Amino acid sequence: MIERICDEDAMRGCCVKNDERRVERSSGRNDGHAGRLIRKLALVFLAFAVVAVVLNCALAYVSTRDTFLQSEAYRLGQVGGYAANATPQALPSDALQAWKDNADELDPATTYDQSLAETQGLISAYNAEVDRLKGSEEEATEEDQDRLDGMLAEYERKSIPLSLYSLDAMLDRLRASFSVSRLAVVVPDEQNETVLYVAEGISGDQKRGVDAHFFGDEEQRLKADYPALWEAVETGEPSTDPALAPDGETYAMYVPFAVDGQTWVYEVSMGTDELEAAVRSQVASTVVVSFAVFAVCLTAMLLLLRRTLVKPLVALSSQVRDYAASKSAAVADVIRSQCYPKDEVGDLAASTADMIDELQAHMDDIARMGAERERARSELAVASRIQLSALPTVRPPFSGCDDFGLSASMHPAKEVGGDFYDFFLIDQDHCGVVIADVSGKGVPAALFMMRVKALLNQLLREDLSPDQVLARANDGLCEDNEAGMFVTVWLGVLDLRSGKLVYANGGHNPPLYRHADGSVEWMRDRSGLLLGSFEGVPYRVFERTMIRGDSLILYTDGVTEAMDASDHCYGDERLFQLVERECDGYPASVSGVIEEDVRAFAEGADQADDITLLVLRYDGQENGPAASAAGNRG
């Protein structure tokens, strides 16, 4: 014993020395690994910084734009309000109609100063003529009075355009003083959805521009395109938010006011390019400051991470690689001997050493469990083959009969299942058919299924009626049923000569009966409770006569309760419609159609329950005895 311990200590010491030499060999790689990790972290943080800066700039742009837009809206509203308050006082009575009546006198090229000089010249000439006539010793003649009246009429005629030019000049001064792109006064026509331009804050030769407007110009302003304008007209209140023009080039504020009982509107605009230029100027400084702050923080964070995180992790990674190569438990001692920081990295190193110790024990357990699992899988495969071999094959062990066709299949949800079917000739003229569903799945259900199948087969061969078979089988299954298992059973006996079907249903799904003419119905006759729960339960027997071409479709709940990937149930109605629509062939094709439809419905979902089908078609003569031999078709 002492020698063995010494040998083990020596081996452990050799392992430690080998690990130390391995650490020395890998130390040259640690710096390279640390450099790569630092570069990766730098790239990650740089990407984060870029994203953060971009997001910060986007938020700053949106915030600055909204703030600037609101401030500009307030400023434009103030300009429009000032102009709206000053305009009615500066206009003569019924000015709009007077301008319309004297439209021929209005010239876009004439400035306010030119019109003022012209009217002042007229009044000066009038005053000079009056002074001349007053200073003359001769009495004024009627011709002199007519000349004075003509000069006064000419002055009044020229004064009408002067008021418009005066309004035009005032708008131009306001536009220049408050740096707005456009300042116009319009008269809206709500019925026609148009506006009549009265004046615009551009004067002189500039009015010849393509985009300039002058008195009398009309422009279509649909309510759908200019909702803010028409809302201001309807409410009589100035707009509170800037409205973007349909062309996207200007923002406008609308200020309504009354002139001679009619609604006029001031339209104060600014270009979107001006707004964007101001916002970009503000955001540019934010971008520079944000990027500088992130760059400083990134550098400091990377230096800190390299010292406190990267180097310890690289060292620990080297030890883990050594363990992966050597599978030696001595690596855990080497990890514990290293000086790791007393933080999460140190906890990780300690946990890694503990994990290596536990891993050695778990590896033995895993190997043992793998062997046991493989043995259990092999045994289940054998059990599955035994169970399937206990079921009759699709072609029964009899041949030569043309009186009926039959097809059956069973697909367990696990290696072995609890569903089963059975069919056999009781005598030359009677065929027994059984389908059943045992509670649960797996090995317990399979064992109980074998017991039920053997018991039902035995009782049917004792010349008992289906109700008597179920009653005696139920009593037999209740005995020594400590597991509390139960089974649903549908059992029938077909007279091959007459087509008479005698059957009983012990809690099983109702079969579908397809008549030769293509009509389908449920056989919802219920004889009694399921088998295996209560002793002494009575069962009823039912009967019907099958004619040539009639089919009986038996199934378990694995068909109707199949689920798709969205947890939708296949359902009785879908099965009914399928049998009614497509299942008009022989049993093999009918069962194939149903199985394919269930698979297509449940595509992508796991099979939750055993799926069992049995299709029986009666092909006996409508009148006359059945054939004496037995067989199967379909």
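This is a predicted model: local features need pLDDT of at least 70, side-chain atom pairs count only at pLDDT 80 or more; totals for chains, interfaces and linings use all residues.

Q: Good. Why does Asp146 count as partly exposed?
A: Its relative accessibility is 47%.

Q: Where is Asp146 placed?
A: Asp146 is in helix H4, which covers residues 142-178.

Q: Which residues gather with Asp146 in the patch of negative charge?
A: Glu142, Glu143 and Asp149. The patch is on the surface.

Q: New topic. Is Glu267 buried or exposed?
A: Buried. Its relative accessible area is 4%. Glu267 is part of strand S6, residues 262-271.

Q: What does the side chain of Glu267 make a polar contact with?
A: The side chain of Tyr254, at 3.4 Å.

Q: And Leu348, where is that?
A: In helix H8, residues 344-390. Leu348 is partly exposed, because its relative accessible area is 39%.

Q: How many residues apart in sequence are Leu348 and Leu313?
A: They are 35 residues apart. In space, the C-alpha to C-alpha distance is 9.1 Å.

Q: Last one. Which residues form the nonpolar patch on the surface?
A: Leu43, Leu46, Val50 and Val54. Together they have about 350 Å² of accessible area.

Q: Which helix is Val54 found in?
A: Helix H1, which spans residues 2-90.

Terms used
Residues are numbered from 1 along each chain as its sequence is written. Side-chain values use heavy atoms; hydrogens and water are left out. Patches are made of residues with over 30% relative accessible area and no salt bridge: like charges are joined within 9 Å, nonpolar side chains (Val, Leu, Ile, Met, Phe, Trp, Tyr) within 5 Å. Accessible areas come from the Shrake-Rupley method with a 1.4 Å probe; for residues, only the protein chains shown count as cover. A salt bridge is a side-chain nitrogen of Lys or Arg within 4 Å of a carboxyl oxygen of Asp or Glu. Lys and Arg count as positive and Asp and Glu as negative; His and the chain ends are not counted. The place of a charge is taken as NZ of Lys, CZ of Arg, CG of Asp or CD of Glu. Helices (H or I, at least four residues) and strands (E, at least two) are DSSP runs, numbered from the N terminus. Buried means under 20% relative accessible area, exposed over 50%, partly exposed in between (1.4 Å probe, protein chains only). A polar contact is a pair of N or O atoms within 3.5 Å; within protein, one must be able to donate a hydrogen and the other to accept it, and residues adjacent in sequence count only if both atoms are side-chain atoms.
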